Amino acid sequence: MKLFPQEENYFGLDIGSSSIKLAQLRALHGRPSLVTYGDIEVPSDMVVSDSDIDQQRVADLIKQLADDAKVTSKNVVASLNAAQSYTAIITVPKLSHDELAQSIKFQADKVIPMAIDQVKLDWAVVGENPASDELDILLVAAPNNVANKYLNIVQKAGLELMALEINSIAQSRSLVSPADAQSCILIADLGVLATDIAIINAQIPRLVRSAAVGYKAMLRVATQNLGIDPGQADQFLKKFGMDQTKLEGQVYKTLKPIVDHLVEELNKSITFFQEKNENKHIEKIILTGGTVALPGLPLYIANSTGLTVEIGNPWQNISYPAELQSNLAGLSLNYATAIGLAMRGAK
Ligand SMILES: Nc1ncnc2c1ncn2[C@@H]1O[C@H](COP(=O)(O)OP(=O)(O)OP(=O)(O)O)[C@@H](O)[C@H]1O
Ligand SMILES: [Mg+2]
């Protein structure tokens with residue numbers, strides 16, 4: 001099994017912790033075109049669980065989703081988040097393919113914080129430096145137990161797992177517009193348990209990391225601090241979010257330390273990248289993930305990082321029937337990964 005997909009006919013599957021999304025595309029007049037898409041809710045904690053019963057339940061939901069969406073392939077490319085994987089750029093001398101593979105494995109062992117015989121390793125050449133005769137390699141690793149879990153789930157759903165891909169790599173396809181093809185951009189996926197942060201340069205992730213900040217932590221803090229039940233806290237968060245003018249700023253004040261922590265993580269990633277790439281300038285932040293819908297959150301992130309912030313639009317690089325326009329617009333925050341996974345094959 002590869003960590004980079006190659007097969008043409010497949011669909012993208014994003015097994016998120018609050019919902020599973022799928023997307024299938026095909027090439028039409030040289031442009032990726034939407035064949036089908038769909039999502040299904042999963043009860044909380046089911047996806048992260050390692051129990052056989054929960055994995056069977058997730059598989060059943062995937063099967064139902066694939067049936068309902070009428071996908072035309074049994075082949076799946078699924079995604080892994082940053083917390084479940086390891087991504088790095090390494091530089092190696094230009095060698096023959098076999099020697100290159102050896103050299104990469106040797107270097108990978110040095111940079112990957114896991115035993116090399118316990119990970120699935122994949123790589124792609126992403127750049128060339130003619131002056132030094134070196135290659136830039138995008139290295140991706142996933143622990144065997146994580147890869148095997150996904151393989152099991154997908155098989156139990158009656159489907160075939162062709163590849164696993166990292167969320168941020170998929171998102172760099174769906175969320176970067178042609179106008180930004182050469183730009184340096186930070187993509188942040190604000191999910192339930194964590195936020196995946198990626199710095200993309202010329203459509204290639206140069207830095208990928210996970211920050212342990214997501215909707216779940218926000219909900220927990222709001223429930224505790226406001227002394228209300230989780231259902232009510234959920235409503236308050238979604239209604240008032242980071243809007244200081246609502247409810248005397250109570251929800252804002254509760255959320256602020258968590259959001260500030262997230263901003264700190266974004267700034268740390270930017271600083272780290274900037275130290276290694278002095279000549280590159282990060283032009284904007286693209287936000288995705290359901291948590292971005294919190295009122296006032298994008299503006300707060302823009303103000304506190306000093307960068308332009310955009311809401312990611314995963315539909316911009318594909319064609320779709322005009323009558324779906326308003327439906328799809330409402331799903332923009334949730335589909336960046338599934339569409340990005342599916343875009344690989346349509347190219
Ligand atoms: N209006 C809203 N304001 C804030 N959060 C929202 C809003 N609507 C949905 N959410 C939250 O967004 C999350 C769903 O987003 P998303 O689909 O990106 O998550 P996921 O992909 O399932 O999770 P993960 O990527 O962490 O595995 C849920 O936690 C949901 O509560
Ligand atoms: Mg997600």
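Tutor: In helix H6 (residues 230–240), the buried residues are Ala233, Phe236, Leu237 and Phe240. Keep in mind that this is a predicted model, where local features need pLDDT of at least 70, side-chain atom pairs count only at pLDDT 80 or more, and totals for chains, interfaces and linings use all residues. Residues are numbered from 1 along each chain as its sequence is written, while chains are lettered from A and ligands numbered from 1 in the order in which they are written.

Student: Which exposed residues are on the face of H6 turned away from its buried side?

Tutor: Gly231 and Gln235. On the buried side, the residues pack against helix H5 (215–226) and helix H7 (250–276); contact here needs C-beta atoms, placed from the backbone, within 7 Å. Helices are DSSP runs (H or I, at least four residues), numbered from the N terminus.

Student: Why is Asp234 called partly exposed?

Tutor: Buried needs 20 or more other C-beta atoms within 10 Å of a residue's own, exposed means 12 or fewer, and partly exposed is in between, with C-beta atoms placed from the backbone. Asp234 has 16 C-beta neighbours inside 10 Å, so it counts as partly exposed.

Student: Moving on, how is the protein chain divided into domains?

Tutor: Into domain 1 (1–84 + 144–175 + 313–347) and domain 2 (177–311), with bounds that come from an automatic or database domain assignment. Their centres, taken over C-alpha atoms, are 23 Å apart. Across the boundary, 18 residues of domain 1 are in contact with 22 residues of domain 2. Helix H4 (residues 167–174) gives the most to domain 1's side of that boundary, five residues.

Student: How do you know that ligand 1 lies between the domains?

Tutor: Domain 1 and domain 2 both give residues to the shell around ligand 1, so it lies between them.

Student: What makes up that shell by class?

Tutor: Five nonpolar, 10 polar and one charged residues. Ala, Val, Leu, Ile, Met, Phe, Trp, Tyr, Cys and Pro count as nonpolar, Asp, Glu, Lys and Arg as charged, and the others, Gly among them, as polar.

How values were computed: Helices (H or I, at least four residues) and strands (E, at least two) are DSSP runs, numbered from the N terminus. Two residues are in contact if their C-beta atoms, placed from the backbone, lie within 7 Å.
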